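Q: Could you walk me through the side-chain contacts in this one? I'd like to start with the aromatic residues and then move on to the charges.

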Amino acid sequence: MNRNSIQTVLCESSLDSTLRLIAEKVEKGERISNEDCIYLYEKAPLGYLGTLANYIREQKHGDNTFFNRNFHVEPTNVCVYTCTFCAYSRLIKNRDEGWELSIEQILDSIKKYDGQTVTEVHITGGVVPKQNFDFYTELFRSIKKHRPELHIKALTPVEYHYIFKKAKLSYEEGMRQMIESGLDSMPGGGAEIFYPEIRDQIAGGKCSADEWLELHEIFHKLGKRSNATMLYGHIEQYWHRVDHLRQLRELQDKTGGFQTFIPLKFRNKNNQLSHLPEVSAIEDLRNYAISRIYLDNFDHIKAYWPMIGRTLAQLSLAFGVDDIDGTIDDTTKIYTMAGSEEQSPSLTTEELVNLIKEVGRHPIERDTLYNVLTDFKDYDFSQEKKAPRGFIELPVIQK
Ligand code: V47
Ligand code: SF4
């Protein structure tokens with residue numbers, strides 16, 4: 001079915017020779033080059049990109065569309081750094097305007113989910129000296145003691161770099177001890193844009209691109225999985241995005257440890273870059289599609305619905321995206337403070353499932369590591385409490 005759709009693109013007489021060659025590479029399952037990727041950003045029409053990205057998405061996953069049942073914990077919004085895009089953080093000198101949770105407070109917020117079928121807690125926030133190595137290792141141990149099966153996806157290289165430096169630990173030793181304390185995987189944040197001149201302007205002082213990549217590499221070598229992000233649509237140019245994607249693709253070739261790539265659209269409310277306009281929904285869809293086409297060694301592309309809103313998340317499923325994160329339960333403030341569409345991001349599982357079905361896709365609840373927990377194709381929500389929980393096998397996708 002979708003091989004024909006690439007043929008339709010190739011039959012377009014107006015298609016230029018470079019776009020034709022790129023479409024042929026995609027059809028043959030060949031990797032596109034960095035130059036191809038820049039060309040796609042500069043020249044490719046939306047319909048062409050959607051066809052190619054959807055072809056790859058359906059080769060990998062058919063109509064399957066993944067989500068999980070998760071919630072976020074943001075231990076603090078006070079931060080020693082001053083990223084210019086950040087609407088969320090408060091400087092240490094203004095810490096009375098922010099929050100700094102204790103281990104007990106965090107555990108209380110986790111205990112609110114006792115008895116609920118959430119599978120993941122996503123922990124990230126600002127960087128403060130008090131929330132140090134001992135704080136997080138104790139926190140992870142306490143969470144596992146209370147609820148051993150809850151997957152802890154926590155902190156980014158920004159936090160780990162700061163914490164390990166203060167604790168005088170090597171990255172490897174620090175990571176090893178975090179894992180021993182209960183850390184299961186690492187979210188994709190803190191990547192922003194790797195290119196130094198852009199990174200210095202938007203995220204100066206925090207870990208460098210090389211440090212971000214090294215921490216992920218070490219984590220993968222210790223047998224763990226992580227995600228990757230790219231903050232786009234601010235002062236960067238297309239070639240900075242390609243440079244960023246290139247570095248992710250290269251590391252993935254080395255370790256295979258990334259699960260998901262999550263493009264994050266810059267939102268411009270209440271931050272130092274508020275004078276910059278936000279990019280359009282068309283640019284968002286083009287960016288999802290190009291990421292899907294270029295990152296041939298990433299299994300999943302995720303649209304983070306609290307940031308772009310439900311409708312665009314639905315549309316993205318035709319532009320290479322196969323994952324729309326989770327139920328969230330209104331537990332993150334990072335985007336709401338920066339002006340995202342969703343001011344109280346929370347969806348019931350049934351709402352999330354219906355969003356996916358409305359655009360003709362097949363909803364699958366996964367755990368953090370993409371084990372399939374529930375196939376919602378013909379699911380009866382009145383049976384929710386009786387449904388067995390455990391990994392299930394999906395039918396093999398016909399290529
Ligand atoms: O690194 C902060 C971004 C990231 C703004 O791994 C902003 O599953 C846009 O990484 N406009 C943190 N973006 C969040 C993150 C994430 C989110 C969801 C899922 C996963 C995952 C990871 O948020 C930061 C930064 O790039 N961010 N401020 C803003 N104004
Ligand atoms: Fe701090 Fe993260 Fe905000 Fe940067 S993006 S100021 S590191 S909370």
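This is a predicted model: local features need pLDDT of at least 70, side-chain atom pairs count only at pLDDT 80 or more; totals for chains, interfaces and linings use all residues.

Q: How do the rings of Phe 194 and Trp 212 pair, stacked or tilted?
A: Phe 194 and Trp 212 form a tilted aromatic pair, with 5.4 Å from centre to centre and 55° between the planes. The pair links distant parts of the chain, since Phe 194 sits in the loop between β7 and α9 (196-203) and Trp 212 in helix α10 (residues 209-221), 18 residues apart.

Q: Which cluster do ring pairs build with Phe 194 and Trp 212 in it?
A: Ring pairs join Phe 194 and Trp 212 with Phe 258, Phe 261 and Phe 298 in a cluster.

Q: And how many aromatic pairs does the count come to?
A: The count comes to 18 aromatic pairs. One of them is Phe 67 with Phe 376, which is tilted, at 5.7 Å centre to centre and 40° between the planes. Phe 67 lies in strand β1 (residues 64-68) and Phe 376 in the segment after β13 (372-375), so this pair ties together parts of the chain that are 309 residues apart in sequence.

Q: Why does Phe 67 count as buried?
A: Phe 67 counts as buried because its relative accessibility is 0%, where buried means under 20%. Phe 376 is likewise buried, with a relative accessible area of 0%.

Q: Switching to charges, how many salt bridges are there?
A: The count comes to 22 salt bridges. Among them, the side chains of Glu 58 and Arg 361 meet at 2.9 Å, N to O. Glu 58 is in helix α4 (residues 46-61) and Arg 361 in the loop between α15 (349-358) and β12 (362-366), 303 residues apart.

Q: Are Glu 58 and Arg 361 buried or exposed?
A: Both Glu 58 and Arg 361 are buried.

Q: What network of salt bridges is there?
A: Glu 236, Arg 241, Glu 283 and Arg 286 are linked in a network of salt bridges. Within it, the side chains of Glu 236 and Arg 241 meet at 2.9 Å, N to O, and both of these residues are buried.

Q: Which residues gather in the patch of negative charge on the surface?
A: Glu 104, Asp 108, Asp 134 and Glu 138 gather there, and helices α5 (103-111) and α6 (133-146) each supply at least two residues of the patch. Asp 134, which is in helix α6, counts as exposed because its relative accessibility is 54%, the cut-off for exposed being over 50%.

Conventions
Residues are numbered from 1 along each chain as its sequence is written. Chains are lettered from A and ligands numbered from 1 in the order in which they are written. Side-chain values use heavy atoms; hydrogens and water are left out. Patches are made of residues with over 30% relative accessible area and no salt bridge: like charges are joined within 9 Å, nonpolar side chains (Val, Leu, Ile, Met, Phe, Trp, Tyr) within 5 Å. Accessible areas come from the Shrake-Rupley method with a 1.4 Å probe; for residues, only the protein chains shown count as cover. A salt bridge is a side-chain nitrogen of Lys or Arg within 4 Å of a carboxyl oxygen of Asp or Glu. Lys and Arg count as positive and Asp and Glu as negative; His and the chain ends are not counted. The place of a charge is taken as NZ of Lys, CZ of Arg, CG of Asp or CD of Glu. Helices (H or I, at least four residues) and strands (E, at least two) are DSSP runs, numbered from the N terminus. Buried means under 20% relative accessible area, exposed over 50%, partly exposed in between (1.4 Å probe, protein chains only). Rings of Phe, Tyr and Trp (its six-membered ring) pair if their centres lie within 6.5 Å; planes under 30 degrees apart count as stacked, over 60 as edge-to-face and the rest as tilted.
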